Amino acid sequence: MTVIFKWRESEMLAALESCTRDESTPIVERHFPKDARLLESGCGAGRWVRFLQDRGRTMIGLEYSHETVEMVKRHWPDLDIVEGDCEKSPFPDGSFDGALAFGVVEHWVEGPQRPLRELLRVLKPGGKAYITVPLFNSIRRLKKALWWDEITQAPRALAQRILRGTPKPLSRVDRRYLFPVFPAWGEFFEYRMSTTDFRSEVEKAGFEIIEQVPVGAMDGVYHELNPLGLLVGWKDLKFRPRGPARLIDRWLSRRPFAHPHMQAIVARRPGAVR
């Protein structure tokens with residue numbers, strides 16, 4: 001894995017509270033019954049582990065960062081958080097009724113297959129996975145055609161190159177990359193996948209797809225249609241949309257995958273439920 005996140009203990013309660021507003025919540029609760037034993041792969045600061053355990057699920061979190069694991073155990077000592085790698089976890093085959101991966105599998109520069117296949121491996125036959133990745137939506141397609149990110153991100157990339165003395169390659173022309181990448185300049189951070197690419201990768205890993213939905217609509221307005229932060233603010237881990245942002249969101253939502261920041265797939269490991 002090429003990306004390790006840093007989390008702030010001071011933000012853990014606000015992050016937990018955000019689960020109540022998250023568009024993923026009703027989808028997860030619909031697909032995973034309260035008696036399910038679930039793994040969250042790449043659980044970070046543990047907000048979903050805490051949230052879903054408090055709602056009756058048996059939760060285990062897997063997190064790569066030792067520092068983050070220690071922070072979660074200190075803050076929520078009753079949670080079962082395991083230190084380990086999302087592409088090579090310590091769990092036996094078929095350990096879980098369900099698995100969750102919120103914004104995780106897009107951070108492998110070689111593509112999402114290794115973490116996806118690991119999710120498949122730890123599921124029981126018939127078990128479900130809920131997986132989200134950034135969406136290469138219609139707004140991002142237009143910006144790519146205009147070289148928008150390359151132009152607007154160039155000053156910062158140039159400043160970093162001068163100050164740090166390190167080259168900042170243009171991501172979109174690097175032949176290692178399989179899908180559109182962010183940021184436009186500098187080190188790889190994440191892939192942004194079309195709905196077709198995401199579906200193909202999940203099926204290639206061996207899953208049967210149940211549904212594919214957009215998530216993070218206002219998040220998409222915030223990231224892509226928010227000049228100088230004038231339309232959508234961000235405070236206390238909450239979006240603060242102004243009137244025009246709500247209108248833009250409502251209008252673009254007529255086409256479900258036009259502008260959301262993320263997309264989600266619910267998929268099943270083939271085989272009969274034990």
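Colleague: Is R199 buried, partly exposed or exposed, and at what relative accessibility?

Modeller: Accessibility classes are read as relative accessible area, where buried means under 20%, exposed over 50% and partly exposed in between, with a 1.4 Å probe and protein chains only. Here R199 counts as partly exposed at 33% relative accessibility. This is a predicted model, in which local features need pLDDT of at least 70 and side-chain atom pairs count only at pLDDT 80 or more, while totals for chains, interfaces and linings use all residues. Residues are numbered from 1 along each chain as its sequence is written, and side-chain values use heavy atoms, with hydrogens and water left out.

Colleague: Which side chain meets R199 in a salt bridge?

Modeller: A salt bridge is a side-chain nitrogen of Lys or Arg within 4 Å of a carboxyl oxygen of Asp or Glu. The partner of R199 is E203, at 3.9 Å from N to O, and E203 is itself partly exposed at 41%. Both residues belong to helix 8 (residues 195-204), four residues apart, which is about one turn of the helix; helices are DSSP runs of H or I with at least four residues, numbered from the N terminus.

Colleague: How many salt bridges does a search of the whole structure find?

Modeller: The search finds 20. Among them, E110 and R114 meet at 1.9 Å, N to O, with E110 partly exposed at 37% and R114 partly exposed at 43%. D236 and R240 meet at 3.8 Å, where D236 is exposed at 52% but R240 is partly exposed at 37%.

Colleague: Which residues are linked in a network of salt bridges?

Modeller: The network links R140, K143, E190, R192 and E224.

Note on methods:
Helix = DSSP H or I, 4+ residues; strand = E, 2+ residues; numbered from the N terminus.
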